[in-house]
Amino acid sequence: MNKSWAIVNKLLPFSCVDGPGNRLVIFLQGCNFKCLNCHNPYTISLCKECGDCVNTCPHQALSFINHKVIWQTSACQQCDTCINTCGYHSTPMTYKYSLEDILNMIRKYLPFLNGITVSGGEATMQLPFIEKLFKTIKQTNDLKHLTCFIDSNGYLAQTGWQKVADTMDGAMIDLKAWNNQVHKKLTGRDNLRVKNTITYLAKIKKLYEVRFLVIPEHTDLQDNAKHLAQFLTEISPNIKVRINAFHNHGVHGIAKTWKSATKQQVETFADQLKHYGLKDIMLPSVYL
């Protein structure tokens with residue numbers, strides 16, 4: 001049976017960068033990648049209920065009851081002490097939302113929405129909930145006009161995508177490196193499934209956008225513009241590509257020492273992709 005609840009890290013009522021139009025975005029907790037450059041590493045794991053963070057909270061917003069960490073939102077000051085204490089890439093500050101909770105939230109902002117996007121972490125880690133949510137939206141008279149999108153790292157197997165193919169309107173997929181070994185070094189996982197996901201979603205016309213993140217000296221995208229363009233144009237000549245620029249503000253660990261991508265580096269990469277046949281390319285609006 002499909003799950004009727006989800007573990008949510010954050011819910012954003014309005015966004016214009018997570019798919020077409022104005023969207024409500026649900027950020028689910030949990031990820032199957034461990035990207036060295038992750039800006040939100042506390043979204044990777046579910047809480048281990050170890051209790052290490054409880055005594056460090058300066059506002060007494062956490063307690064340990066029946067071997068569970070309890071978060072009291074009314075006392076929390078969002079100081080992130082618990083996140084900085086956690087040794088498991090997690091956070092006690094998550095919400096368990098039922099399907100009805102999410103539907104009520106959507107209806108609260110419904111007059112202003114074009115659709116919803118489920119993101120993460122990695123959204124597809126909670127695929128049964130997404131199945132239930134999308135199916136319910138498409139079968140509900142006052143909601144069925146909303147488009148349903150997934151923002152994903154693309155690691156879900158094709159059999160998983162097939163479960164939401166009929167109710168999902170589109171997906172945004174990140175391709176973090178061209179070479180398999182480079183991808184594994186950056187994320188801890190290979191990229192074969194990611195490439196297969198891009199191919200499959202394009203075939204069934206559910207691929208909204210492919211995203212590239214330029215990290216100078218660490219991604220190999222810039223050196224493989226020809227291969228990337230050939231791969232995508234052979235799938236479809238009109239694939240939409242979004243290029244993002246890495247910035248080291250707010251990252252953790254070794255990525256703090258990495259250089260941020262410059263406007264020139266991103267534009268050079270975009271020009272290469274255009275030279276090899278890609279047409280619909282979106283660049284960052286801001287460089288940090």
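Contact here means heavy atoms within 4.5 Å. The model is predicted.

Lysine 259 sits in the loop between strand E10 (240-245) and helix H8 (263-275). Leave aside its neighbours within four places in sequence, and lysine 259 is in contact with Pro216, Glu217 and Phe246. With Glu217 there is a polar contact: the two side chains are joined at 3.3 Å. Phenylalanine 246 is 13 residues from lysine 259 along the chain, and their C-alpha atoms are 8.1 Å apart. Is lysine 259 buried or exposed? Its relative accessible area is 52%. Exposed means over 50%, so lysine 259 counts as exposed.

Now go inside. In soluble globular proteins, nonpolar side chains tend to be buried together. Here the largest nonpolar core holds 67 residues. Ile106, Leu133, Trp161, Phe212 and Leu273 have the most contacts inside it. Which element gives this core its largest share? Helix H3 (residues 127-138) does, with six residues.

Take Phe212 as a way into the packing. Not counting residues up to four places away in sequence, phenylalanine 212 touches Leu175, Leu221, Leu228, Leu232, Val241, Arg242, Ile243, Asn244, Phe269 and Leu273. Another core lies apart from the largest one. This other core has twelve residues, among them Val54, Ala61, Ile83 and Met93.

Helix H3 also carries threonine 136. Where does the accessibility of threonine 136 place it, buried or exposed? The value is 19%. The limit for buried is under 20%, so threonine 136 counts as buried. Its contacts, leaving aside neighbours within four places in sequence, are Leu99 and Leu103. Phenylalanine 14 is 122 residues from threonine 136 along the chain, and the two C-alpha atoms are separated by 21 Å.

Alanine 6 has tyrosine 97 as its bridge partner in E5.

How values were computed: Residues numbered from 1 in each chain as written. Predicted model: local features only at pLDDT ≥ 70, side-chain atom pairs only at ≥ 80, totals over all residues. Heavy atoms only, no water. Core = buried A, V, L, I, M, F, W, Y, C linked by side-chain atoms within 4.5 Å. Buried < 20%, exposed > 50% of the residue type's maximum accessible area, 1.4 Å probe, protein only. Helix = DSSP H or I, 4+ residues; strand = E, 2+ residues; numbered from the N terminus. Polar contact = N/O pair within 3.5 Å; in protein donor to acceptor, adjacent residues only side chain to side chain. Pairing = 2+ DSSP bridges.
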